Amino acid sequence: MLNNPATKYRAFAPVQLTDRQWPSRTITRPPIWMSTDLRDGNQALIEPMSVEKKLRFFEQLVKIGVKEIEVGFPSASQTDFDFVRGLVDSGRIPDDVMIIVLTQARDELIRRTVESVAGAKRACVHIYNSVAPVFRRVVFGMERDEIVQIAVSATTLVKELVQAHPETDWRLEYSPESFSTTELDFSKQIVDALSSVWQPTRDKPMIVNLPSTVEASTPNVYADQIEWMCRNLERRDALVISVHPHNDRGTAVAAAELAVMAGADRVEGCLFGNGERTGNVDLVTLALNLYTQGVHPGLDFSDIDAVRQLVEECNQLPVHPRHPYAGDLVFTAFSGSHQDAIKKGFAQQQADAMWEVPYLPIDPADLGRSYDAVIRVNSQSGKGGMAYLLEQEYGLVLPRRLQIEFSRAVQKVADASGREIAANDIYALFEREYLEASAPYRYVAHQMADTSGSNHAVRVDVTVSRHQAAQALHGIGNGPIDAFVSALGLDIRLMDYHEHAIGSGANARAACYVELRVDNGPTLFGAGIDSNIVTASFKAVLSAVNRHIASVGEAGPASSAA
Ligand SMILES: CC(=O)SCCNC(=O)CCNC(=O)[C@H](O)C(C)(C)COP(=O)(O)OP(=O)(O)OC[C@H]1O[C@@H](n2cnc3c(N)ncnc32)[C@H](O)[C@@H]1OP(=O)(O)O
Ligand SMILES: CC(C)C(=O)C(=O)O
C-alpha cells in the first residue's frame, strides 16, 4: 500500500445541497422492488443460469411478491432470448408482474430486445449508456452531446418499435450508467432529453434508474445526488425515480435506504446481494430492515430458508453464515452475556406484545426459522446458554445456583476441547455429574407412612444400597426429605430445594434439585429424576451426598434411625 494514497486516489467531492431534506425523513412505506437477479445477478455468475434455473428463480420471485422483474439481456445470448421469449409465450407471467429487458443503446440490440418481449401483457425496455466523464473519454471517445444523442436515438427507436405492438403495455426504463460518478447537471440534461422524446405521463411513467454502478462515495453523498435529481428533473410527476446501488464500499444497503429517504420510488437489487463484483444491493436485507421498523415490505420472506436454498442452488454461490436475517449464524449467540440476555428476553416475551428480546432484532419465527440455533455453547458461553439448552431440549429447569455450579463443569469441557458443546453433550455431562452420581449410595425402594399423633408428620422406610450392599433404613421427619435425611444418619443440612414436572400426562416425570451441606463442608447440589416426586427427591439427596463423598472421601458407615 502507498504511504500517501492521495497521490493515487482522490476524495469524492460532496454535493452542494445545503438545504437537503432527506436526513430528517423516515421511510413509512416500501419502495417498488425490482429484482435484477436474472440479469445483473446472472451476468455476474461464474456459470450463468440455465433456462430451467432462470425459470425456477423467476417463479420464486413471483411467489415472494416481486412485481417488477428484470428477466435478462435478450440480445446478449440465445439462452437469454429463448428464456424471455419462452416466458412470454408460455403465459407464466402473472398479470400484475412487469418484466424488464436490458439492452445497450444500440439499434440492432434494441430491435432484438423488443422482439423478445413483443406480445407480453406488460413489458419494459431498459436502455442504458454510460455517462460518466471517464467512460465518455475512455470507452466512447465522445463529447457530452454525442453521448446524449446515443440515448435519444435509442429512445426514439424504442418508441417507434413498440408502436407496432399495441397489445403490450410498454414502459421505458433509462439508466445513465455510472450516474453516481457523473456531473449532476449532465445526468439531468440527458434524462430531460429522453423524457421529452418519450413523453411519459403520470399513468404511464418513465423509469429513470440512477445507478451507483461502482459505489464510490459515502451513502449520504448518494442520497444528496438522488434528492438533487428529484428536485431538478423535468416532468418529475411522470417519472419513477429508481436506484440501483452496488456494494463496492459495503454500504449499498445504507445507500438505498438513504436514497429512498431522498425521494427514490423504486429500488433495483438482488436477493442476498448477488451481482457484479461485491454485488447489487440486497433486497432481502432492505425488505426485512423495513419489517423490523413495523413497515410491511410487501415481500414475503416467511420461509426464508427455502428462498435461500433456491438462490444458492441457482447462483451456485453460498449465502454467508453471517448474512443479515438469512445466514446460519445470525440468530445464534455463543457468548455468555448475550445468552443470558436472550434467555431472559424469551422468558419475558409475551406472544402478542412488541418484540423485545435483547440481541435479536427480529423474531426468527417470522422468517420461518426455529429457535434451535439461537443459543449454542462453547468456551465463550456462560451458565445461561447451557441452562437454556437443557430447558429447551430436555425440559430441565435448573435453579440459578445449580446453573452456576454446573456451568463450571461445562466450561471445563469446552476449554479442554476448544469446540462447541451440543445440547446432547451437555445433557450427558449433567447425567454423569448428577443423575448417575450413584456411588456409594444408590436408592432402591421406599415406603412412607403417616405418623398422626406424633410430633413428626412422616415416617420413611427406605432401602438404599451402599457399595452394592442393601441397607434398610428408617427415619421420621416433618416431611419426606426430612425423614429420609434422618434415615441416612449423616450430618446433612438441606439448604435449598426445587422441583418441577418434565412433560405432562401419564409420561410426566419429576425433576428434583437439592442443595445440601454435608459434614459442614461446602454446599453442593444433587439432582434426581423419577416418575414419583418423592423418589426423585430422595435420589437428589443421594446424588448430592455421593458428590460430596467423591470430593472429600468417605467417612463412617450410615446408621439406622428409629
Ligand atoms: C453496468 C452493467 O451491468 S451494464 C450491462 C452489462 N451486461 C452485459 O454486457 C452482458 C451482456 N452483454 C453482451 O453479451 C455483449 O456486450 C453484447 C452481446 C450485448 C454486445 O457485444 P459486442 O457487440 O461484442 O459489444 P461490447 O459489449 O463489447 O460493446 C462494445 C461496443 O459497444 C459500445 N457500447 C457499450 N455499451 C454501450 C451502451 N450501453 N450503449 C451503446 N453502446 C455501447 C462500446 O462503446 C463499444 O463500441 P465500439 O465497438 O465502437 O468501441
Ligand atoms: C445497467 C445499469 C442499471 C447497471 O447495471 C449498473 O449501472 O450497474
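Trainee: Into which domains is the protein divided?

Mentor: The bounds come from an automatic or database domain assignment. By that assignment the protein is divided into domain 1 (28-315), domain 2 (336-433) and domain 3 (441-552). This is a predicted model, in which local features need pLDDT of at least 70 and side-chain atom pairs count only at pLDDT 80 or more, while totals for chains, interfaces and linings use all residues. Residues are numbered from 1 along each chain as its sequence is written, and chains are lettered from A and ligands numbered from 1 in the order in which they are written. The domains asked for are therefore domain 1, domain 2 and domain 3, as the assignment defines them.

Trainee: How many residues of domain 2 are in contact with domain 3?

Mentor: The centres of the two domains, taken over C-alpha atoms, are separated by 29 Å. Two residues are in contact if their C-beta atoms, placed from the backbone, lie within 7 Å. On the side of domain 3, 10 residues take part, and on the side of domain 2 the number is 8.

Trainee: At what angle do helix 12 and helix 13 pack?

Mentor: Helices (H or I, at least four residues) and strands (E, at least two) are DSSP runs, numbered from the N terminus. Axes are lines fitted to C-alpha atoms, for helices over the stretch in contact, and angles run from 0 to 180 degrees between N-to-C directions. The axes of helix 12 (residues 336-348) and helix 13 (residues 383-394) are 7 Å apart, and the angle is about 45 degrees.

Trainee: How is helix 13 oriented to helix 15?

Mentor: Angles under 35 degrees count as roughly parallel, over 145 as roughly antiparallel, 65 to 115 as roughly perpendicular and the rest as oblique. The axes of helix 13 and helix 15 (residues 423-435) come within 9 Å and cross at roughly 95 degrees. Helix 13 is therefore roughly perpendicular to helix 15.

Trainee: Which residues of helix 15 meet helix 13?

Mentor: From helix 13, the residues M386, L389, L390, E393 and Y394 take part. The residues of this contact divide into 8 nonpolar, no polar and 1 charged; Ala, Val, Leu, Ile, Met, Phe, Trp, Tyr, Cys and Pro count as nonpolar, Asp, Glu, Lys and Arg as charged, and the others, Gly among them, as polar. Their partners in helix 15 are A423, I426, Y427 and F430.

Trainee: Which elements give two or more residues to the shell around ligand 2?

Mentor: A residue is near a molecule or strand if its C-beta atom, placed from the backbone, lies within 6 Å of it. Ligand 2 is surrounded by residues including D40, Y128, S175, E177, N209 and P211. The elements asked for are strand 5 (169-177) and strand 6 (206-212).

Trainee: Is T182 buried or exposed?

Mentor: T182 lies in the loop between strand 5 and helix 7 (184-198). A residue is buried if 20 or more other C-beta atoms lie within 10 Å of its own, exposed if 12 or fewer, and partly exposed in between, with C-beta atoms placed from the backbone. Because T182 has 24 C-beta neighbours inside 10 Å, it counts as buried.

Trainee: How many of the 10 residues of helix 9 are buried?

Mentor: What covers the buried residues of helix 9 (residues 252-261) includes strand 6, helix 8 (219-232) and strand 7 (239-245). Helix 9 is largely enclosed by the rest of the structure, because the number of its buried residues is 8.
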